[in-house]
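Subject: Predicted model, handover and findings

Hello,

My notes come after it.

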Amino acid sequence: MTEGTASAIVTNGDDDRPRVAVFRPDDDRIVDAVALLESLGAEPVPDPMLQVEPTGETPADAPYVVLTSKTGVELAAEAGWEPSGATLVAIGPATADAARAAGWTVDVVPDEYTSAGLVDRLRDEVDGVYVEVARSDHGSDVLLDGLRDAGAKVHETVLYQLTRPERAGESATMAAAGELDAVAFSSSLTVEHFLDAAEEHGVREDALAGLNDAVVGAIGPPTAETAAELGVDVDVVPDDADFEALVRAVVDRC
């Protein structure tokens, strides 16, 4: 999907289906999110809250290379980067699948698909080892600090920046009007951008009230913590930090 296409996806106003807002980037991920919601009998409200701006950088060479998103994998592959014998670490299945699609061998995927889970998985094998972490400009400090506490020599490369699209915010005005049944926050940044958009539309307090009358899902504990800090009550956190698991859990609660 090209930028701006999500705005062409229009809900049909079917009162029998729960209206669920999702905030994935305006590419195949928002298309897949819409299709998933429809397959579950929900009415999608696609409102991309993340826009990817590549930096042009590629991962540095190191014995361990950690990739934390499908986007990062795709950007590195498009730039011609190869793991070159490094132990390749993917934060979760979606990242691992993208790496394999690029023709790379994935050596490590943690049982828990979070920064903390990655640290726990690598803790016993990275003491004194150089570890390259390649990700967005909004990556959690939990990963870098945890690896350093484990004795790793950590280098971070920012592959892309995440910004809020200019058109984002339809879901915030709908929440303020009590027109959403649920939302699925897939990162801390989507929570922040949602409320920033609400602020720009002059409906932040009403949007918060609307969220707290709806079912609010967060993809994992860090996202849930961000939401709570910003005044959002979270109802659903799936056992796995996986977007499909998040959406299914949210729809089940509607």
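Residues are numbered from 1 along each chain as its sequence is written, and side-chain values use heavy atoms, with hydrogens and water left out.

Salt bridges

A salt bridge here is a side-chain nitrogen of Lys or Arg within 4 Å of a carboxyl oxygen of Asp or Glu. By this rule the count is 10. Helices (H or I, at least four residues) and strands (E, at least two) are DSSP runs, numbered from the N terminus.

Glutamate 43 pairs with arginine 19, at 3.6 Å from N to O. Glutamate 43 is in strand β2 (residues 43-46) and arginine 19 is in strand β1 (residues 19-22), so the bridge ties together parts 24 residues apart in sequence. Both residues are buried. Buried means under 20% relative accessible area, exposed means over 50%, and partly exposed is in between (1.4 Å probe, protein chains only).

Lysine 70 pairs with aspartate 28, at 2.9 Å from N to O. Lysine 70 sits in helix α2 (residues 70-78) and aspartate 28 in helix α1 (residues 28-39), so this pair ties together parts 42 residues apart in sequence. Lysine 70 is partly exposed, at 25% relative accessibility. Aspartate 28 is partly exposed too, at 31%. A network of salt bridges links Asp28, Lys70 and Glu74.

Aspartate 97 bridges to arginine 100, with the closest N and O atoms 3.5 Å apart. Both lie in helix α3 (residues 93-101), 3 residues apart, about one turn of the helix. An α-helix has 3.6 residues a turn, so residues three or four places apart point the same way. Aspartate 97 is partly exposed, at 48%. Arginine 100 is partly exposed as well, at 45%.

Negative patch

Glu192, Asp196, Glu199, Glu205 and Asp206 form a negative surface patch. Patch residues have over 30% relative accessible area and no salt bridge, and like charges are joined within 9 Å. Asp and Glu count as negative. The place of a charge is taken as CG of Asp or CD of Glu. Accessible areas come from the Shrake-Rupley method with a 1.4 Å probe.

Two elements give two or more residues to the patch: α7 (188-200) and α8 (204-213). Helix α7 gives the most, with 3 residues. Glutamate 205 belongs to helix α8. Glutamate 205 is exposed, at 57%.

Helix α4

In helix α4 (residues 115-122), the buried residues are Ser115, Gly117, Leu118, Val119 and Leu122. They pack against β4 (64-67), β5 (87-90) and α5 (141-149). Contact means heavy atoms within 4.5 Å.

Serine 171 is in helix α6 (residues 170-176). Serine 171 is buried, with a relative accessible area of 0%. Leaving aside neighbours within four places in sequence, serine 171 contacts Ala21, Phe23, Val45, Asp47, Met49, Leu180 and Phe194.

Serine 140 lies in the loop between β6 (130-136) and α5. Serine 140 is partly exposed, at 30% relative accessibility. Not counting residues up to four places away in sequence, serine 140 touches Ser115 and Arg135. Serine 140 and aspartate 120 are 20 residues apart in sequence and 15 Å apart in space, C-alpha to C-alpha.

Best regards

How values were computed. This is a predicted model: local features need pLDDT of at least 70, side-chain atom pairs count only at pLDDT 80 or more; totals for chains, interfaces and linings use all residues. Patches are made of residues with over 30% relative accessible area and no salt bridge: like charges are joined within 9 Å, nonpolar side chains (Val, Leu, Ile, Met, Phe, Trp, Tyr) within 5 Å.
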